Amino acid sequence: MTSLPLTIRHEVPADAAAIERLHERAFGPGRFARTAFRLREGVPPDPALSFAAHVGTFLVGSVKVTPVLAGGHRALMLGPLTVDPAFEGRGIGAALMERSIEAARAAGHDLMMLVGDQPYYARFGFKVLPPGQLLLPGPADPARFLALELVEGVLKQRSGAVTAARAG
């Protein structure tokens, strides 16, 4: 963990501009074409599961979690997880992940997914999904489509398309 005077709290609307600048630096304009972004487009992240990390008043990291449907059942899509490059390697990303996962479990959610690097996310319990079990709405490397069962055995009950959980 970090030795910085780190504060992790729920993301608030006042964080939006700083988080957007952080995402722009980390992911560039290509972020809007990514499959995971398509699932989040037009669907606000869950404020109870999305967190911001600060050192003093400086925003140094963010994690967002958005509701989705996985095979017609409610699930969560984690991401983006972003840490300011000047603060990488200090445990900030891990602290944000742990806080978000704990909050999701406490709220009674059963499945969290993401598109990311398996070697990084494995330490939090994320595993590569069985090929073809759940299908994303666009191109994604199957080796990067990961899931965490917040309730043991839930993946056996899920198959089909992963879609945005838009109201209406």
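1. The side chain of His54 makes a polar contact with the side chain of Asp15, at 3.5 Å. A polar contact here is a pair of N or O atoms within 3.5 Å; within protein, one must be able to donate a hydrogen and the other to accept it, and residues adjacent in sequence count only if both atoms are side-chain atoms. His54 sits in strand S2, residues 51–55. Helices (H or I, at least four residues) and strands (E, at least two) are DSSP runs, numbered from the N terminus.

2. A word on the source. This is a predicted model, in which local features need pLDDT of at least 70 and side-chain atom pairs count only at pLDDT 80 or more, while totals for chains, interfaces and linings use all residues. Residues are numbered from 1 along each chain as its sequence is written, and side-chain values use heavy atoms, with hydrogens and water left out.

3. Is His54 buried or exposed? His54 counts as buried because its relative accessibility is 7%. The cut-offs are under 20% relative accessible area for buried and over 50% for exposed, with partly exposed in between (1.4 Å probe, protein chains only). Not counting residues up to four places away in sequence, His54 touches Pro5, Leu6, Thr7, Arg9, Asp15, Leu59 and Val60. Contact means heavy atoms within 4.5 Å.

4. Next, the nonpolar core. The largest one has 30 residues, and Met97, Met112 and Phe126 have the most contacts inside it. At least two residues each come from strand S1 (6–10), S2, strand S3 (58–70), strand S4 (73–83), helix H3 (92–106), strand S5 (111–115) and strand S8 (145–149). H3 gives the largest share, 8 residues. A nonpolar core is a set of buried Ala, Val, Leu, Ile, Met, Phe, Trp, Tyr and Cys residues joined through side-chain atoms within 4.5 Å. In soluble globular proteins, nonpolar side chains tend to be buried together.

5. Met97 is in contact with Leu78, Leu81, Leu114, Tyr121, Phe124 and Phe126, leaving aside its neighbours within four places in sequence. There is also a second, separate core of 15 residues; Leu39, Leu111, Leu129 and Leu136 are among them.

6. Ser100 belongs to helix H3. Ser100 counts as buried because its relative accessibility is 0%. Leaving aside neighbours within four places in sequence, Ser100 is in contact with Leu49, Phe51, Val63, Val65, Leu78 and Met112.

7. How many aromatic pairs does the structure hold? There are 4. Phe58 and Phe87 form a tilted pair, because their ring centres are 5.8 Å apart and their planes lie at 45°. This pair links distant parts of the chain: Phe58 is in strand S3, Phe87 is in the loop between S4 and H3, and they are 29 residues apart. Rings of Phe, Tyr and Trp (its six-membered ring) pair if their centres lie within 6.5 Å; planes under 30 degrees apart count as stacked, over 60 as edge-to-face and the rest as tilted. Phe58 is partly exposed, at 42% relative accessible area, whereas Phe87 is buried, at 15%. Elsewhere, ring pairs join Tyr120, Tyr121, Phe124 and Phe126 into a cluster.

8. Helix H1 covers residues 16–27. Its 12 residues reach 16 Å from first C-alpha to last, close to the 16 Å expected at 1.5 Å a residue. That expected span is 1.5 Å times one less than the number of residues. Ile19, Leu22 and His23 are buried in H1. Seen down the axis of H1, its buried residues fall within an arc of 100°, so they line one face of the helix. The arc is that of the directions from the helix axis to the C-beta atoms. S3 and S4 are included in what covers these buried residues.

9. The peptide bond from Gly79 to Pro80 is cis, with omega near 0°. Pro80 lies in S4.

10. Arg74 is in strand S4 and is exposed, at 53% relative accessible area. Not counting residues up to four places away in sequence, Arg74 touches Pro67, Val68, Leu69, Asp110, Arg158 and Ala165. Arg123 lies in the loop between helix H4 (118–121) and strand S6 (127–128). At 54% relative accessibility, Arg123 counts as exposed. The Arg123 side chain reaches the backbone oxygen of Tyr120 at 3.2 Å.
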